[in-house]
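Subject: Structure handover

Hi,

Here is the structure I promised to pass on. Please open it next to this note. My findings follow below.

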Amino acid sequence: MKEKSTKSKLWSGRFKQETDRLVDEFNASISFDRRLFMHDIMGSVAHAKMLAKVKIITKKEADKIVAGLRSIEKEIVSGKFVFTAAMEDIHMAIEGRLIEKIGALGGKLHTGRSRNDQVALDIRLYLRDAIREIEGLLKKVRQTLFECARQNVDVVLPGYTHLQRAQPLPLGHHLLAYYEMFGRDGERLEQCYGRVNVMPLGAGALAGSPYPLDRQFVAKELGFSGPSRNSLDAVSDRDFCIEFCGIASMVMMHLSRLSEELILWSSQEFGFIELSDAFSTGSSIMPQKKNPDIPELVRGKTGRVYGNLIALLTVMKALPLAYNKDMQEDKEPLFDTIDTVKVCLEILSPMLRTMTVRRERMLAATKGGFLTATDAADYLVKRGLPFREAHHVIGRVVAHCIEKEKVLDELTVEEWKSFSPIFDRDIKKAVSVKASVESRDVEGGAAVKRVKRRLKEIEREREKGAW
Ligand code: ARG
C-alpha cells in the first residue's frame with residue numbers, strides 16, 4: 001500500500017485509497033491557477049444567483065453562499081488563506097473552503113456545473129481583463145510614439161533596406177511606422193476580445209445540464225455577449241487562448257524590431273540615440289560600458305512568448321473532444337504571455353520618452369552612402385530617359401564617386417555632364433537630402449508635410465477616443 005498523503009478529496013467517493021503524494025503534486029494546478037481566484041468567485045456568485053432565480057436553491061441559501069464566497073475572497077486577498085497542493089486547483093480550494101465555512105449548503109454551489117465549464121469560464125473572465133489592460137498599455141505606447149514623432153518630425157536620418165543606407169527619411173516617419181503596427185495589434189486584440197467574451201457555463205462536463213439553468217442570466221450578470229452554442233465546443237475550446245497568444249506574439253515581434261533598432265542606434269557605430277542612464281546598465285568589468293539591456297531583454301523575451309504559442313498549439317493538437325487533463329497545461333503559457341507582454345509594453349514608453357535623439361549624427365549619416373542616387377536617376381527619367389538606362393548611368397556615377405572618394409553632393413556640374421548630357425545645373429539641388437525627402441510627396445510617403453498631415457489625422461483620431 002502506498003503512503004496515504006491527504007485527507008479525502010471532494011471527488012473521493014468512488015476511491016478506496018488515498019492518492020499518492022507524488023500524484024497530489026503532479027496533478028495540482030493550484031500553484032499557478034490561484035491567480036484566477038477573483039474570477040472564479042465572480043463566476044460562482046453569478047452561478048449561485050442563477051440557481052436561486054430558477055429555484056434550484058432558495059434565495060436565502062444563495063445569499064449565504066454568496067456571503068461565504070465574499071469572505072473567502074477577503075481571506076485570499078489578505079493572505080490568510082493557505083494554499084496546499086492537496087487542494088488540487090483553485091476551484092476545489094474555494095469550494096472546499098466554502099463547505100468548511102457554511103457547512104453542507106456549500107455543497108449545493110456546484111449543482112449544474114462541472115469544473116470543465118467552470119475553468120473555461122474563469123479563463124475567459126481573466127483574459128477579458130488582461131486584454132483590456134494590454135489594450136490600455138498599447139494605447140500608451142502609441143501615444144508616446146506619436147509624441148516622439150511630433151518632436152522629431154523633421155529630423156532626417158538614413159532609411160535602410162538590407163541594413164544598407166537606402167533613402168533619407170524623417171525620424172517622425174520612422175516612428176509612426178511603429179505607431180501603425182501597434183494600431184493593428186490593438187484592432188486584433190479587440191476582435192479577439194469578442195471571441196473571448198462568450199459564456200461557457202451550462203455546458204456542464206460536456207453534454208450540457210439536466211437542470212433548467214438560465215444561461216442568458218449568467219451571461220448578462222457577467223457581462224458576456226451571450227452563452228456558448230455547443231456544450232462540447234464550450235469545454236474543449238482553447239482557440240481564444242491560442243488566438244490571444246498569437247496576437248501577443250505579433251506585439252512582441254513589433255516590440256522586438258523596435259528594440260533591435262534602439263540597440264543598433266545606441267551603438268557607437270550608429271550613435272543616433274542615447275538611452276538615458278535610468279534605462280541603461282553598466283558592465284561589471286568594463287568601466288566604459290553603457291549597455292542597452294532593456295531593449296535587449298524585450299527582444300529576448302519575444303522568444304518565450306513565441307514558445308508559449310507553440311506550447312499551447314501543441315497541447316491542443318491531438319486532443320479528442322471534450323475536456324482532457326492536458327488542458328491544464330494551458331494556464332502557465334497563457335499567464336506568462338500576459339505578464340511578459342505587459343512588462344515589455346510598460347517599460348517601452350518611459351525608455352522612449354527619456355532617450356536623447358542625436359539629430360546631428362543622423363543628418364551626418366545621410367551624407368554618406370549615396371542616399372539620393374535614386375533621386376539622380378529620377379532626374380534623368382523626368383527628362384525622358386527610360387528608368388533602366390537612368391539606373392545604369394547613376395550606377396556609373398556612384399562607381400566614379402567611390403573611386404574619387406566623393407559624395408554625390410560634391411560632384412561638379414561638369415562631372416555630372418560627363419555621364420550624360422541631360423544633366424544641368426539643377427542636378428545639384430535634386431540630389432540634396434532635403435529635396436529628396438520633400439519629393440516623397442505621395443499619400444503615406446516620407447515628405448515632411450505628409451508626415452505632418454498624418455500626425456494631424458492621428459490627433460483627430462485621438463480626439464475621437466482612438467487612444
Ligand atoms: N485544474 C483543471 C484545469 O485547469 C480544472 C478542470 C479539471 N477538470 C477535470 N475534469 N478534472 O484544467
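Histidine 162 sits in the loop between β1 (156-161) and β2 (164-170). Helices (H or I, at least four residues) and strands (E, at least two) are DSSP runs, numbered from the N terminus. The phi angle of histidine 162 is near 55°, a positive value in a residue other than glycine. Histidine 162 counts as exposed, at 75% relative accessibility. Buried means under 20% relative accessible area, exposed means over 50%, and partly exposed is in between (1.4 Å probe, protein chains only).

Before the rest, some ground rules. This is a predicted model, where local features need pLDDT of at least 70, side-chain atom pairs count only at pLDDT 80 or more, and totals for chains, interfaces and linings use all residues. Residues are numbered from 1 along each chain as its sequence is written, and side-chain values use heavy atoms, with hydrogens and water left out.

Glutamate 405 also has a positive phi, near 55°, and is a residue other than glycine. Look for glutamate 405 in the loop between α15 (387-404) and α16 (413-419). Glutamate 405 is exposed, at 72% relative accessibility.

**The ligand**

Which residues are around the ligand? They are Ser29, Asp33, Asp89, His91, Arg115, Asn116, Val119, Tyr323, Gln328 and Lys331. A residue is near a molecule if one of its heavy atoms lies within 4 Å of it. By class, this shell has 2 nonpolar, 4 polar and 4 charged residues. Here Ala, Val, Leu, Ile, Met, Phe, Trp, Tyr, Cys and Pro count as nonpolar, Asp, Glu, Lys and Arg as charged, and the others, Gly among them, as polar. Helix α6 (residues 115-151) gives the most to the shell, with 3 residues.

Now the polar contacts (pairs of N or O atoms within 3.5 Å; within protein, one must be able to donate a hydrogen and the other to accept it, and residues adjacent in sequence count only if both atoms are side-chain atoms). A ligand nitrogen is 2.9 Å from an N or O atom in the side chain of aspartate 89. A ligand nitrogen is also 3.0 Å from an N or O atom in the side chain of asparagine 116. Lysine 331 has a polar side-chain atom 2.6 Å from a ligand oxygen. The protein covers 86% of the 340 Å² of accessible area that the ligand has on its own. Accessible areas come from the Shrake-Rupley method with a 1.4 Å probe; for residues, only the protein chains shown count as cover.

**Salt bridges**

How many salt bridges does the structure hold? There are 35. A salt bridge is a side-chain nitrogen of Lys or Arg within 4 Å of a carboxyl oxygen of Asp or Glu.

Arginine 115 bridges to glutamate 88 at 3.0 Å, N to O. This pair links distant parts of the chain, 27 residues apart: arginine 115 is in helix α6, and glutamate 88 is in the loop between α4 (59-78) and α5 (90-102). Arginine 115 is partly exposed, at 24% relative accessibility. Glutamate 88 is buried, at 4%.

Lysine 325 also forms a salt bridge with glutamate 88, with the closest N and O atoms 3.6 Å apart. Lysine 325 lies in the loop between α11 (293-316) and α12 (331-354) and glutamate 88 in the loop between α4 and α5, so the pair ties together parts 237 residues apart in sequence. Lysine 325 is partly exposed, with a relative accessible area of 35%.

Arginine 115 forms a salt bridge with aspartate 89 too, with the closest N and O atoms 2.7 Å apart. Aspartate 89 is buried, with a relative accessible area of 4%. Elsewhere, Glu75, Arg97, Glu100 and Lys101 are linked in a network of salt bridges.

A cis peptide bond joins leucine 321 and alanine 322, with omega about 5°. Leucine 321 is in the loop between α11 and α12, and alanine 322 is found in that loop as well. Leucine 321 is exposed, with a relative accessible area of 63%.

Valine 451 is in helix α19 (residues 448-463). At 1% relative accessibility, valine 451 counts as buried. The C-alpha atoms of valine 451 and leucine 176 are separated by 8.5 Å, though 275 residues apart along the chain.

Best wishes
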